[in-house]
2 protein chains.
Amino acid sequence: MRYWINNKIPDAPFYAVIFISEKSVDLDGYKEMDELTINLAKQQEGFLGFESAGNNNEGIFISYWKSLEAIDNWRKNSIHVTAKKIGKEKWYKRYVSQISKVEMSYEFNQME
Amino acid sequence: MRYWINNKIPDAPFYAVIFISEKSVDLDGYKEMDELTINLAKQQEGFLGFESAGNNNEGIFISYWKSLEAIDNWRKNSIHVTAKKIGKEKWYKRYVSQISKVEMSYEFNQME
């Protein structure tokens with residue numbers, strides 16, 4: 001899945017929060033929280049878009065941001081903090097969270 | 001799927017090549033080339049590991065590298081160049097390729 005503000009990947013540089021996860025057996029409440037946090041992220045100042053892929057066992061979710069400040073504000077959002085807390089206790093067997101600066105971005109689209 | 005040299009994510013900073021893809025209908029030869037390029041990447045100087053997730057339609061593959069120089073050498077590898085050429089012509093409807101510098105990396109593992 002993917003979503004970009006104005007349907008367009010902006011020119012680099014910008015920032016990416018890479019979230020890699022392996023899920024647990026107990027996914028009670030996961031789907032609802034996932035939708036809620038994605039909808040909330042979209043409303044944050046400095047949010048640019050996201051790309052995701054995965055299946056029921058593992059997934060990668062990359063959110064893109066204008067600045068480190070925007071990421072820091074999102075990191076402190078109370079719903080997001082709650083989601084991470086439950087995620088650690090219940091939904092995720094393992095996750096990796098990385099903040100990176102995208103220095104080059106290229107898109108190939110057969111349709112264009 | 002994931003693979004890390006010495007089974008360990010190194011401390012940041014390091015570099016990530018993010019490859020997001022949506023596949024075409026014709027996947028003839030794709031699986032063989034995928035295995036070949038991953039095995040080749042593992043042998044490159046400066047390769048640190050990879051994380052991937054996806055299904056038959058879309059996927060995210062992130063390879064991690066010690067330096068931009070290592071990425072540049074890999075970019076020029078002839079098998080890799082061939083894979084990208086066929087990928088563009090045949091296997092991928094869309095892809096996004098991004099080079100980023102990972103400034104923060106955190107791993108949570110319920111088993112540890």
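Buried here means under 20% relative accessible area, exposed over 50%, and partly exposed in between (1.4 Å probe, protein chains only). This is a predicted model, where local features need pLDDT of at least 70 and side-chain atom pairs count only at pLDDT 80 or more, while totals for chains, interfaces and linings use all residues. Side-chain values use heavy atoms, without hydrogens and water, residues are numbered from 1 along each chain as its sequence is written, and chains are lettered from A and ligands numbered from 1 in the order in which they are written.

**View 1. Tyr30(A) meets Trp91(A).** Across all chains there are 30 aromatic pairs. In this one the ring centres are 5.7 Å apart and the planes sit at 75°, so the pair is edge-to-face (rings of Phe, Tyr and Trp, using its six-membered ring, pair with centres within 6.5 Å; planes under 30 degrees apart are stacked, over 60 edge-to-face, the rest tilted). Tyr30(A) is in helix α1 (residues 30-42) of chain A and Trp91(A) in helix α3 (residues 78-91) of chain A, so the pair ties together parts 61 residues apart in sequence. Helices are DSSP runs (H or I, at least four residues), numbered from the N terminus. Tyr30(A) is buried at 16% relative accessibility, and so is Trp91(A), at 4%.

**View 2. An aromatic cluster with members from chains A and B.**

**View 3. His80(B) in helix α3 (residues 78-91) of chain B.** His80(B) is buried, at 16% relative accessible area. Beyond neighbours within four places in sequence, His80(B) contacts Trp74(B) and Arg75(B) (heavy atoms within 4.5 Å).

Definitions and conventions
Helices (H or I, at least four residues) and strands (E, at least two) are DSSP runs, numbered from the N terminus.
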